Structure formats: C-alpha cells, structure tokens
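Please open the model in your viewer, and keep the sequence panel beside it. We will go from one selection to the next, and at each stop I will say what to look for.

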Amino acid sequence: MASQNIYILAIESSCDDTAASVMLNGRILSNVVANQKIHEEYGGVVPELASRAHQQNIVPVVQQALKKAGVEKSQLNAIAFTRGPGLMGSLLVGTSFAKSLAYGLNIPLIDVNHMQAHILAHFIDEEDFNKPEFPFLAMTISGGHTQIVKVSNYFDMEVIGETIDDAVGEAYDKSGKILGLGYPAGPEIDKRAQQGNPKAFKFTKPKVDGLNFSFSGLKTAILYFIQKETKANPNFIEENLNDICASIQYTIIGILIDKLKLASKETGIKHIAIGGGVSANSGIRKALKDGEKKFGWTTYIPKFEYTTDNAAMIAIVGHLKFLEGEFSQNNVVASARLKL
Amino acid sequence: MEITYQISDIHSIAEAVIKHASSRTILFYGEMGVGKTTLIKAIVEHLGSNDLVSSPTFSLVNEYSSPSDTIFHFDFYRIENEEEALNFGVEDYFYSSAWKLVEWPEKIPNLIPDDAEIITILSDENGKRTLKFDQNIKLTKKKPMEQQNFL
C-alpha cells in the first residue's frame, strides 16, 4: 500500500545555490534554497580547509526541507538529484550526497537533467496554474540559458534553437552595467522600461539564421551608442534612462518573440511554455499575452519560485521518473555537459 | 608582439594566438564588448572542436572537446571574491593538462597559474581591435598570508 503515496526528496546543486525540496504525489511540500540564514539556525558556518559552499549547505538545507514538509526520512520513496549540466565541483556535492542517502535508506536514486527540469517545472501541481498540452514549445530564458525546445512528451525533447553567444539574462545584466545600474539589472530595466518610450532609440536586431539567438552584438551596440552619446552630452544616461531601458527591453523582447513566432510557424505548435528567471519580466509576459490574441497561442508561465534554479523542479522530474520506474544505477556520475 | 585586426580577420588571429601561445593557459584582458568571447570562439574552432561556444558569464566555466583535447572556457566577470572561484574548484581545472581560456582573469589575480600567457585586446572608435601578447600587466598578488585567511 506504500505505493499510494510517493514521497520524493530532491537535491539541486548545479551552480551557485544549494536547494532541496520534498514532494508528495506531484505537489510541493517544501522548497528550500540555501542562504546565510540556514547557517545561523544550525550554529553558523564551520570553517574547514578548502571547504566548498555546497558542502556546508547541503546537510542543513536537506534537514530544513524535511522539517518544513513534516516528513521523516523513513517515509521517502526515492531521492532525485541534478546530475548535470552545471559546474563539476557543485554537481559532485549533490550527487555524492544523494547517492549516499539513497544507499543508506535503501531506496531508489533518480538522476535528473537540470534543463529538462526547467521545462517539466510546468507539471508541478499548483492551483491556478495549468499544465501545458503536448506537444508544446518550451522557451527557457535566464542568466545562463536561452533556448527553445520542442517537447513531444515528458522525456521526448529536442532543442530547436539556442543562443550562440550570450544568454538573454546576461544581455540585461551587461546592459545594466553599461548604464551604471546594480546587479542583477533585469528587474530595474523592466521597471524603468514601463515608464519610457520603447521607440526612443533604435538598436539593430542581430541576423541569426534559423531559431538560434545572439545577444553579444546587441551588448556591443548599446556600449558604442552610450559611449557616443555621453561624449556629446555627459548627462545623457541620467536624462534618458527610462527611454534607454524601454528601448533595450523592446529590442530584446522583439528578438525573443520573433524566434518564438518562427518556431511556432515551423513546427505548427501553438502551445508555448516559458521558464527561467527572465520569465518574470513584465514585457515578455505582455508579449506572450499579445501572442495569444494575435497568433492563437496558449501560453504557460510557472510560479516564479519554480522558474529560477530550485529543487522543486528536480522533484517533479523525480516523481515522473518514479512513475515510469526509471531509476539510476549505483555507478551514476555527475556530468557537467549533460545534454537534453 | 602586437596585431591590429578587424572582426573579419578573426580566424587568422585565432590561428596566430594558438601558434604563439607558450602556455595552455591563456588570459584575455579587455573591456566588455571588445570581443573576448568572439576570439575564443574562433580559437576553440581552430583547436578542432565543433562544440557550440557560448558565454560562460553565468556558468563560470564551459567545457568543449576536440578529438585530441579538452578546452575549458572561463569567465570570472560575475565573481565577487576569489573564494567563490575556489569554491567551485577552479584549481582542479587550472592544474589539468587541458587548454584553459580565461576571460576576466583580473577578478582572481591570486589564483592565476604563473606560466599563463597574457593577451590584451583594445578597441578604437572605428571598431578596429588591437591584440597584444605578453603585456606586463602587473598582477597585484596579495601576500601569501592574506591568502591563507580564506582557506
């Protein structure tokens, strides 16, 4: 009868953050991301030779995820973890911990692809959020990623477009740097963009074949534009900041939407799901809503806490793989370059 | 050595860099937008890799492979202190036999291998780039004692 309830503990440590989440039957019970507060609650950071942040974080994060969920280790049915892609040193910590815990508890281990998890985050049970219909197009937009994936089924995915240089979040952050804004600059550019004229300044969109993206040239174009204008008027940025932000945002969103339109046309798919931290941007949300009216799209955006790097999205993949009986071998290893 | 080039010359420049490099660790200094990633893209191609080269600003390190080599592409732009680089195991990468192409090395002056080749890229108003080898950029190393503090 134990199979009626499926408890998954998920661990994510692919980049900067250490995160853990507990899921019951596709619903999130807890979703914890490491921060300094966790150290305070557990007696502070213990300095040790060549310690890595994930090593310090992983035990308190997992303990807190279990505690918040009100779940005992003995209730868990499987441990899911991020196998890749990501930083090798970071992945190793999560992988070793997950393997040891699964071995100790004598329960199955499930390896998860981080990029697949960004997409399957849409399938976490959450009130007021609809799950996409297959097939759909998933666009992941964040500080590190910009890609369009054709999703035919949970585990049948194909990358049909991706950035050939900078990610879209990086384009926001580096534009912000040029303008003297803080880091991360995306939210402030978005806020100012809403008070500015998007057509005040024109930046050329890159010409990239097919469904791939490029943002590197835009960054350089903005840099040269600002250098030229501030030479003529040292107060140019201050006097035009909202208009500059609006024009940058207009250009970036134009690039994203143009490729989505092309992808939709080429594949005939009108269900479009977006994820990644940049999906919080008000301009992209509005552009997607417009797409529903103009092109007959159905669009999906998950709850914000499931769009950035988090363990809840690892948990849902763990849950779906558990249902399929897709477990890892004991000799599974982290893979920094894991592909979709 | 100094070479002036346009973006259209990037492939012959990449070839010259590989030929001239005295070390498998190459540091690329230069302002944002000067074309560090673009040059590295061409270098990776010339090293025989077909992998997609994209900016590692967020991921910190990308790994590419060619039939004969592994190539690590670093970007320390968003690093705020050197401890973050140690935390992800930068030393394990630096002291491997792979190619190491490094953007924003000025963020981690104490962690740079001593034998690294140094390249500086400058741009002028007309979009022309100048590439300088072996510029004596003074790496402002902290005293060893201070370095001990975060270990």
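Which residue in E9(A) is the bridge partner of Met139(A)? Select Met139(A) and follow the pairing across to E9(A), where the partner is Ile274(A).

Before going further, some ground rules. This is a predicted model, in which local features need pLDDT of at least 70 and side-chain atom pairs count only at pLDDT 80 or more, whereas totals for chains, interfaces and linings use all residues. Residues are numbered from 1 along each chain as its sequence is written, chains are lettered from A and ligands numbered from 1 in the order in which they are written, and side-chain values use heavy atoms, with hydrogens and water left out.

**Stop one: the sheet of chain A**

Now select strand E6 (residues 136-141) and strand E9 (residues 271-275) of chain A, which run parallel and are joined by four bridges. Helices (H or I, at least four residues) and strands (E, at least two) are DSSP runs, numbered from the N terminus, and two strands pair if DSSP finds at least two bridges between them. Strands of a sheet pair through backbone hydrogen bonds, either parallel or antiparallel.

Return to Met139(A) and look towards E7(A), where Ile148(A) stands opposite. E6(A) and E7(A) run antiparallel and are joined by six bridges, and a hairpin of four residues connects them. To find a pair here, select Gln147(A), which stands opposite Glu162(A) in E8(A).

Contact means heavy atoms within 4.5 Å.

**Stop two: some backbone details in chain A**

Zoom in on Gly84(A) and Pro85(A), whose peptide bond is cis, with omega near -5°; Pro85(A) is in the loop between strand E4 (78-84) and helix H3 (88-105) of chain A. Another cis peptide bond, with omega about -10°, joins Phe134(A) and Pro135(A), and Pro135(A) lies in the loop between helix H4 (114-120) and E6 of chain A.

**Stop three: the sheet of chain B**

Move to chain B, where an open sheet of seven strands has the order E1-E7-E6-E2-E5-E4-E3, again with mixed pairing. Strand E1 (2-5) and E3 of chain B are its edge strands. Select strand E2 (residues 25-29) and strand E5 (residues 99-103) of chain B, which pair in the parallel sense over four bridges, and find Thr25(B) opposite Lys100(B).

**Stop four: where the chains meet**

Finally, show both chains together. How many residues does each chain give to the contact? Chain B gives 30 residues and chain A gives 31. Between them the chains bury about 2,300 Å², 53% of it on carbon and sulfur atoms, where buried area is the accessible area (1.4 Å probe) that two parts lose on being put together, summed over both. Select Met32(B), Phe58(B) and Asn87(B), which supply 27% of the area that chain B buries against chain A, more than any other three residues.

The interface holds two salt bridges, each defined as a side-chain nitrogen of Lys or Arg within 4 Å of a carboxyl oxygen of Asp or Glu. To end the tour, select Arg78(B) and Asp16(A), whose side chains meet in a salt bridge (2.7 Å, N to O).
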